[in-house]
Protein chains: 2
Amino acid sequence: MSALRFPDLPPSEPQGADLLAQERSRTTFSVHDLSNYLYGEEYLERQEKFLGLIENEPAFDKSNRYFLGRTERFAALRYEVIGCYAQTEIGHGSNVQGIETTATYIPETNEFELHTPYLTACKWWIGGLGKAANHAVVMARLISNGKDYGPHALCVPIRSMEDHTLLPGVMAGDIGPKFGYNTTDNGCMWFDHYRVPHISLLAKYSSIKPGSGEYIKPPNSKLSYGTMVLIRASLVGYARIGLAKAATIATRYSAIRRQFVDKDQPKKMGKETIETPVLDYSMQQYRLFPIIAAAYACHFTSKEMMRLYYLNIKNMASGNFSLLADVHASSSGLKSLTTTMAAASIEECRRACGGHGFSSFSGLPLLLQDYAPNVTWEGDNYMITQQTGRYLFKSFRDLVAKRASGKFSASQITNPTLAYLNTYLDNPDLKCPATTPAQFHNPEIQLAAYGHRAAHMIAEIVHGLDVEKRSWNSMLVEIYNASVAHCQLILVQNFILGIRGDMPQPEGIVATPLSPAAKEALTDLSDLFALHQIHKQPGEFLTSGYIEAKHVSMMGKAIMDVMDKKIRPNAVGFVDAFAFPDYYLNSALGRFDGKVYEAYTEMATREPINQTEVIEGYEQYIKPFTNPKGLKGKSIQARL
Amino acid sequence: MSALRFPDLPPSEPQGADLLAQERSRTTFSVHDLSNYLYGEEYLERQEKFLGLIENEPAFDKSNRYFLGRTERFAALRYEVIGCYAQTEIGHGSNVQGIETTATYIPETNEFELHTPYLTACKWWIGGLGKAANHAVVMARLISNGKDYGPHALCVPIRSMEDHTLLPGVMAGDIGPKFGYNTTDNGCMWFDHYRVPHISLLAKYSSIKPGSGEYIKPPNSKLSYGTMVLIRASLVGYARIGLAKAATIATRYSAIRRQFVDKDQPKKMGKETIETPVLDYSMQQYRLFPIIAAAYACHFTSKEMMRLYYLNIKNMASGNFSLLADVHASSSGLKSLTTTMAAASIEECRRACGGHGFSSFSGLPLLLQDYAPNVTWEGDNYMITQQTGRYLFKSFRDLVAKRASGKFSASQITNPTLAYLNTYLDNPDLKCPATTPAQFHNPEIQLAAYGHRAAHMIAEIVHGLDVEKRSWNSMLVEIYNASVAHCQLILVQNFILGIRGDMPQPEGIVATPLSPAAKEALTDLSDLFALHQIHKQPGEFLTSGYIEAKHVSMMGKAIMDVMDKKIRPNAVGFVDAFAFPDYYLNSALGRFDGKVYEAYTEMATREPINQTEVIEGYEQYIKPFTNPKGLKGKSIQARL
């Protein structure tokens, strides 16, 4: 029982529930239909069924989740996974080739000896390792007959299956508290001449001959790209989830939270003038609506990336590697762009909730902290854009050479990247023809602006590298920016084509059709997504020459217009369509029913510190200052 | 005693200590002199003395700081402050005029009755209130004879001085866990017809006559701006500290952390080729060096804002309010700009440390979380820029009117804001004369670019409001951007003048002179600070017409040049000059001695989870899965 009791009073009028009802009555499309389009009916039915089960199961009760310390949250877990993957070392992350742990082949016993030669070679950040795992896949430099063959994977036991103690020669532990992910047991591990049998080497692609120690090479080094592409493509989908969760919380709360009265357009509820909901302020719209749009943008690109991944896998199985370079380049750049965007957007949503975004009960701090590693893991977001860049510059150089050969025809354009590069080379001085704000709603103009800008940046970098002979290192900033430009174009393009129904579908999948009302509403978001990024950071569009100064203010007007007239009435509908159950958001501010203040105060009553009226330590720490002589009396004032 | 023992091995070569020694040997100025210039010798001596005391005092031991749960950290505190300031309510933050708590004057007993009429009126976020405070200054609507006089402050007892229990009519508690600040006791409180004596009303500026209940007005409403200006100006100084701490950690670590070999320019240590320290990559420089520069920029502007604050206070005391509007406008916009910049920069530094930036032991997660409220409190960073905007638009309109009156002379220009607006009005079509990258090192060109851009934006907004008759709400994005542009100019200007020694000094203060070598080095940072912001977001500079597309790539070259040739050798020196003791940074990555890996692993041994080899809960949760039949044996492999 809590010592804290909130007064049995309602929030002042109007009530959150009524405000959200008013919002929902204005939505121009069926939220249910849009959810079905996004997820499919089957998924939503499964979600509902599953939710019914876990909400009534004490083991999944989240009501005390925000209060648990690290040790307690850890013990709340149930370990079923006993393996872990140990690649990263304390001194080596992104550069796998630089790892220092060794696995030396011992022909006499047909074993490998795992060893940690330096402190920097300690395995670090290994998920599940610290305390739970009893086996590990360890990346180590394979050494045989004195020759170093670079990193290879070995599957080795690390703890006793009997009593879970560490095996002799292995040391492991937890790496300590982190920014987020505190329920994940990130561990460290090192080896002291630890012997494992020959079978431990994962030898699908390469191996060591028993006895002689002869090294057998992998058949095709490109095969290992597959998993990396899959993971990076999946992260685009996770970015959508992060964006959508944060947008749901901040949008619903902004429809309820009221602040100041907008003198030009006072808000009425019945006959009363009420403070203006913050969602009516253009600044709040400019902060939140592009995030809603970005979540939908990621939906379409994530679908397309998964389609391309499976198509590529199928192609590669029959020896066709033609898609691999494009898919690998796009997945790297898109991983970087969408996770950077999602992390920034979650923080923007947190701040857009004002002071309450700082409270754990908003759900946003934990979302932010748990999302944060995405910008670093699976390839640091700055570093991996070099892979996208290399592909773009090669494509550009090849295209220029083909066009110069005199044998070029448009039929040689095999993918959208070549298409926009070719359009640019046809006319590098192309100018945007728009003369009114309304013309910027034309998707062809939007695509031309993005294509021209990306191609211009690529052309400049290739000039810098090939003609000015600048070093790769001196151009890393431009290379990063070019990758962003290329990937923003992909997002804009897939959004436009996706709404039109012009995207290819994965084999055997019949797409749920989009209702005309939802199609119109999503087109508003697609417009905003395309124009907002230009308006907010017009620099590269201007320097590419396609966009001129006058266009930037036209776009500003087009954006304000579509936000105020078209998106504002649908804002709550758009986030409702993401269909996140309250259980999943775990947020007082973002509840579907709008009972923000009731939920928020109820959560505070469960704070452990509130379980006693007088805090522990009062006698020791406070009393000596406030009542040093043991005075009886009510207060300082009463003693005056 | 920890169960975790790291191997007694050094990190692989080269050692962090040697790398930092190499960095320090390249510094072109005396770090000691620059520190003296920034802080004064007296401050640094005091810091050293104080540090000597607390480092040996167990009560201030930080070695377990990152492991404590909320409840424990709370009890580690010593309460000496017993008061708190209760303004914010759960439904009302920035809009103080909207608070709902009432203080009704009761003439019969000469008391005020404090009451919470709605759930939204509960006091919330009150620092120190939750459990510690026994008195509170409460902001409540003052009501007398049925009339509402708006928010006023009352000082009231809330807990018994005898046993610390809440007084009848008062309820209070803790508001629960937060993103950061978890050692601060943020509380909530509400009143049920709680009576306090007449003396409780803080009546310095306004009062209620006993008996009749007559309200006596405050003499001058402008006086209350003073505190707000002081707090906002102080936050510029805190922004400097946040920037400088984060930059210190990330810069030192980036000089030690090595990744890949830069093929164009391989790094040598003696005869050996080593992996390239990440600080040598141009992208890392582009991420970190502007943050070092921003910290120095905030130093000069913070000094100037404090000088103006005290000058204004002195002026106001003699009835001169001429400075108030300018100081209030600048302090609002600068609070918004510098805290936004510092929060983004701390996160950028955290990410620039790669995976280890996610570990609490880097010191960066806690710094980020504790800094986070700065963008919200003391005026939300988007909202308060309207105050800056209003002043700028008024100044512009007044100036245009004066110029049109025919009686205008340059002598009427009384402050830098009017100066740049006037220059713009003299020639709105001015073009940047630079034709080479080197010319962008000219501070006059930098200042002209910033001045022209800010004035152009202000002119466009005034046109939108006055001629196109757009509503204030529809222009909030432009208004925010104009405030940023104005304040970036202030930062650039104070940086340039500060290094030159051309800033006015506060009365009675003799400035420490800057050595010629330090002056030259700081000029590089000032160049970078001015040019980087244009290069990164050139949009508004381009649309203002002063900067053209060709200039942006020239600036890019000027920046790369100054970073690579001038700032890179001094990078560690610049952050050393901030003079943060290791105790204060509490970071394994940012240590002065460069022993990153030794400190990091040592911190991990203190993790409480590592105090036992086999985790609690093994028998219950893990064993049933891994060894369901109680098998004896070494591992899965051994059983194959």
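Contact here means heavy atoms within 4.5 Å. With that in hand, let's walk through the model.

## Ground rules

This is a predicted model, in which local features need pLDDT of at least 70 and side-chain atom pairs count only at pLDDT 80 or more, while totals for chains, interfaces and linings use all residues. Side-chain values use heavy atoms, with hydrogens and water left out; residues are numbered from 1 along each chain as its sequence is written, and chains are lettered from A and ligands numbered from 1 in the order in which they are written.

## Around B:Y296

Let's start with one tyrosine. Beyond its neighbours within four places in sequence, B:Y296 is in contact with B:L34, B:L38, B:F495, B:L522, B:L525, B:F574, B:A577 and B:F578.

B:Y296 and A:Y296 have the most contacts inside the largest nonpolar core, which has 307 residues. Such a core is a set of buried Ala, Val, Leu, Ile, Met, Phe, Trp, Tyr and Cys residues joined through side-chain atoms within 4.5 Å, where buried means under 20% relative accessible area with a 1.4 Å probe, protein chains only.

## Where chains A and B meet

Chain B and chain A each bring 146 residues to their contact. The area buried between them is about 12,700 Å², with carbon and sulfur atoms giving 64%; buried area is the accessible area (1.4 Å probe) that two parts lose on being put together, summed over both. On the chain B side, B:L119, B:M161 and B:F358 lose the most area to chain A, together 6% of what that side buries.

Between the chains there are 2 salt bridges, each defined by a side-chain nitrogen of Lys or Arg within 4 Å of a carboxyl oxygen of Asp or Glu. B:K557 forms a salt bridge with A:E468, and their closest N and O atoms are 3.4 Å apart.

## The two domains of chain A

An automatic or database assignment sets the domain bounds: chain A is divided into domain 1 (79-219) and domain 2 (225-502 + 511-576). Their C-alpha centres lie 39 Å apart.

At this interface, 4 residues of domain 1 of chain A are in contact with 7 residues of domain 2 of chain A. The area buried between these domains is about 500 Å², of which carbon and sulfur atoms give 66%. In domain 1 of chain A, the residues losing the most area to domain 2 are A:S94, A:F179 and A:Y181, together 91% of what that side buries. Across this domain interface, the rule finds 0 salt bridges.

Technical notes:
Buried < 20%, exposed > 50% of the residue type's maximum accessible area, 1.4 Å probe, protein only.
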